[in-house]
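Subject: Structure for you to look at

Hello,

I am handing over the structure we spoke about.

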Amino acid sequence: MKKKAMVLSGLLVMVLVGVAFAAEEKSELMKMAESLPLWSTIPFAGILLSIALFPLFAPRFWHHHFGKVSAFWAIITIIPMLAVYKHAGLHEFLHIFIGDYFPFIILLWGLFTVAGNIYLKGTLVGTPWINTGWLAVGTGIASWMGTTGAAMLMIRPFLRANRYRKYRTFMVVFFIFLVCNIGGALTPVGDPPLFIGFLHGVPFFWVTLKILPHMLFVVGCVLAIYFVMDLYYYKKEGAVFTGEKEPLGLEGWYNFIFLAGIVGSVIFSGIVKLGEVNILGVHRTIESLIRDGFIILMGILSLVITPREVREANEFTWFPIKEVAYLFAGIFAAMAPCLLILEAGEKGAAAPLMRAMEHPYHYFWATGILSSFLDNTPTYYTFFTSALGKFFTGVPEPQAVPMLLSQKPIFLKAISAGAVFFGANTYIGNAPNFMVRSISEEAGTPMPSFFGYMLKYSCTILIPVFILVTLIFFH
Amino acid sequence: MAIHKILFPTKFRELSFDALSALLELKEAGLEEVVLLHVIEREQVGFVPYGGYLKEEEERLRDIARLKFEEWQQFLERKGIKSKFHILVGNPVPKILAVAEEDNVDLIVAGRKKRQALERYIGSSMLDLLQRSKKPVLVFKYMCYDIEKGREFCVVNQQLCEHLLLATDFSESSERAFRFLENFKGPAKKITLLHVVSEDLGKPALEKEASEAKAKLSEFSQKLQQKGFTSQYYVHIGKPVQEILKISQEYETNMVLMGTTGKGRWRALWLGSVSQRVAEFSHLPVLLVP
């Protein structure tokens with residue numbers, strides 16, 4: 001009995017010490033968040049502007065040195081934070097990398113690898129009906145295999161199908177709109193920003209149910225515009241397909257099983273609660289570790305089982321995913337001060353911004369405009385944190401997120417829709433945009449310049465549709 | 001099988017042109033045409049992070065390659081060899097294999113990067129090529145550096161065909177390598193045949209295999225002599241890779257010929273194959289016949 005009491009009191013002491021440490025850690029973090037000056041976000045702005053401007057003005061330099069540029073912005077964020085905030089600063093970076101960055105990259109890697117092992121062969125003839133159907137299918141699968149995966153699977157057959165057409169630039173632009181961006185709006189697997197939301201407690205099917213009306217509206221409008229344009233150019237060209245028709249076929253079809261495994265593991269990690277483990281002072285749930293391990297396993301199995309020739313037919317290369325991994329390591333590090341300031345809500349340096357952001361359409365457009373020019377993942381995370389900071393200042397995230405979902409869901413809908421939809425506005429809004437551009441240009445389909453894309457397509461097609469979305473859903 | 005047309009993929013590294021010049025010795029073996037190939041790796045021009053495709057960079061790299069190839073073509077023309085070239089963008093190994101099939105070449109000549117001491121002679125792409133090629137591949141090392149007894153030395157392989165070493169395990173691919181020897185009737189003066197009996201065998205089995213190997217090699221040697229080659233043969237006991245490397249140096253051969261068994265990718269990765277490891281570690285050019 002005495003022994004039992006000793007064990008119980010020992011456990012109680014451990015729990016109390018743990019709670020006290022956690023509380024101290026939390027209050028240290030809040031103190032840090034409230035004391036961070038606005039200029040500490042300069043590296044974050046720097047890395048995002050580097051991503052926006054270097055590819056435009058110094059593409060060769062950027063192509064060869066983007067890793068160093070990313071490392072530079074990360075280092076000038078990390079060193080001062082560690083010097084000033086010591087343990088709290090270190091904890092914040094460990095938290096960002098262990099809790100967010102690695103799961104994020106593992107999911108992207110898994111989807112990229114498995115999708116790269118599926119090859120769609122054969123010849124489609126790119127008529128307006130076929131093309132519209134193709135875009136609809138791509139949009140439909142993007143939420144279930146990731147926008148990057150769907151884009152990599154579908155772009156080459158789409159380009160082959162339309163090789164005989166004279167005007168095909170607009171087709172690739174619409175492909176970027178729909179398959180690379182808008183189609184990913186329905187699940188956390190679809191588009192990376194939504195996965196970040198999922199990692200922070202947004203249930204897997206929340207976006208599926210809540211964003212479906214917005215997504216269907218946007219897809220309906222954009223597909224209708226596409227069909228009219230394609231029909232117009234098809235008749236104008238009078239082009240006739242004369243090439244040899246190869247029957248359609250799917251090589252590596254069994255990779256859909258691995259894709260299902262990845263989606264299943266993400267859903268699993270959102271439903272099952274198995275407890276937590278402490279990794280370098282960062283709490284991670286056991287189910288999330290199982291999910292990450294399972295995604296890696298799916299990727300490895302996909303690589304081992306699929307013949308190399310399938311990847312070669314897809315012109316598969318690791319380069320794009322390596323780029324994303326390097327760049328996002330810098331982005332996640334540089335983002336830390338920014339997120340902390342936003343977490344501090346109206347007590348932090350971003351108080352004026354917090355006060356100004358009142359209505360859902362503010363969040364839709366602010367998240368959207370920034371997602372157009374900056375990558376949409378950090379933008380989503382920034383506004384997600386900002387909404388939590390504004391409405392539930394000081395409430396720990398695990399409690400604040402369910403409160404946001406139940407009390408202010410329209411704000412998260414606005415942020416989610418803004419981050420995903422507006423990523424289509426420019427080449428730099430979302431990672432698959434630039435991959436598709438690269439593949440199309442290599443295949444001989446000319447693509448508009450950065451500003452040409454925006455002025456000729458985004459501003460004239462997407463922005464009016466987004467205005468309608470605002471009026472219907474967020475006003 | 002003859003060596004009328006060879007594929008010479010190049011990255012325009014140092015000594016590439018010297019390697020091409022040295023290959024002209026194959027003219028005596030029937031060489032008529034050289035297909036030159038340069039593959040611009042997609043990573044050099046594509047997937048600029050958040051950018052797209054560097055069309056101008058591709059054009060620049062194409063122009064550089066074109067100028068070099070045109071210069072090389074003039075040289076080949078002076079030597080009486082026909083030539084053509086391809087400049088492609090993509091993954092090197094699949095492109096090399098595709099061009100080899102499309103142009104129906106008789107031999108792929110794969111160079112290597114300038115090797116520093118203690119580095120392996122060939123990289124993972126070359127191993128990939130060796131494992132997958134259906135055409136014979138000559139792993140050509142124009143110049144190698146190595147360290148022996150603490151002293152660094154350099155080997156220049158200017159002569160290719162005078163003295164050939166055929167290492168055989170009497171497999172089907174070794175038979176094909178033996179038949180491939182006939183192509184060297186003009187330039188080759190001497191051929192050494194070698195079979196290595198594994199030292200892991202027990203004594204009775206070892207003696208039996210050694211005596212059977214001697215009989216077979218003697219038969220091979222006679223066939224070669226009938227075709228006008230000077231030939232000698234040896235049966236050694238030991239580890240095949242080390243013995244082949246040792247004999248190739250001791251007998252001052254110019255090139256090693258072997259058959260490849262075409263092991264699967266994973267098996268080759270874990271176990272390696274004798275032919276690939278010889279190609280990897282030998283100072284000499286190694287010709288592998290699939």
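The domain bounds used here come from an automatic or database domain assignment. On that basis chain B splits into domain 1, covering 5–110, and domain 2, covering 163–289. Between the C-alpha centres of domain 1 of chain B and domain 2 of chain B there are 30 Å. Contact between these two domains of chain B involves four residues of domain 1 and four residues of domain 2. On the side of domain 1 of chain B that touches domain 2 of chain B, two residues are charged, one is polar and one is nonpolar.

Please keep in mind that this is a predicted model. The predictor assigns the complex a pTM of 0.80 and an ipTM of 0.73. For chain B the average pLDDT is 85, and 90% of the residues score at least 70. Where pLDDT is low, the predicted coordinates should not be read in detail.

Now to chain A. Its secondary structure consists of 19 helices and four strands. The C-alpha trace of chain A spans about 90 × 50 × 45 Å along its principal axes. Of the 475 residues in chain A, 47% are buried. Taking contacts in chain A between residues at least 6 apart in sequence, 83% join residues at least 24 apart.

Regards

Notes. Residues are numbered from 1 along each chain as its sequence is written. Chains are lettered from A and ligands numbered from 1 in the order in which they are written. This is a predicted model: local features need pLDDT of at least 70, side-chain atom pairs count only at pLDDT 80 or more; totals for chains, interfaces and linings use all residues. pLDDT is the predictor's confidence in each residue, from 0 to 100. Two residues are in contact if their C-beta atoms, placed from the backbone, lie within 7 Å. Ala, Val, Leu, Ile, Met, Phe, Trp, Tyr, Cys and Pro count as nonpolar, Asp, Glu, Lys and Arg as charged, and the others, Gly among them, as polar. Helices (H or I, at least four residues) and strands (E, at least two) are DSSP runs, numbered from the N terminus. A residue is buried if 20 or more other C-beta atoms lie within 10 Å of its own, exposed if 12 or fewer, and partly exposed in between; C-beta atoms are placed from the backbone.
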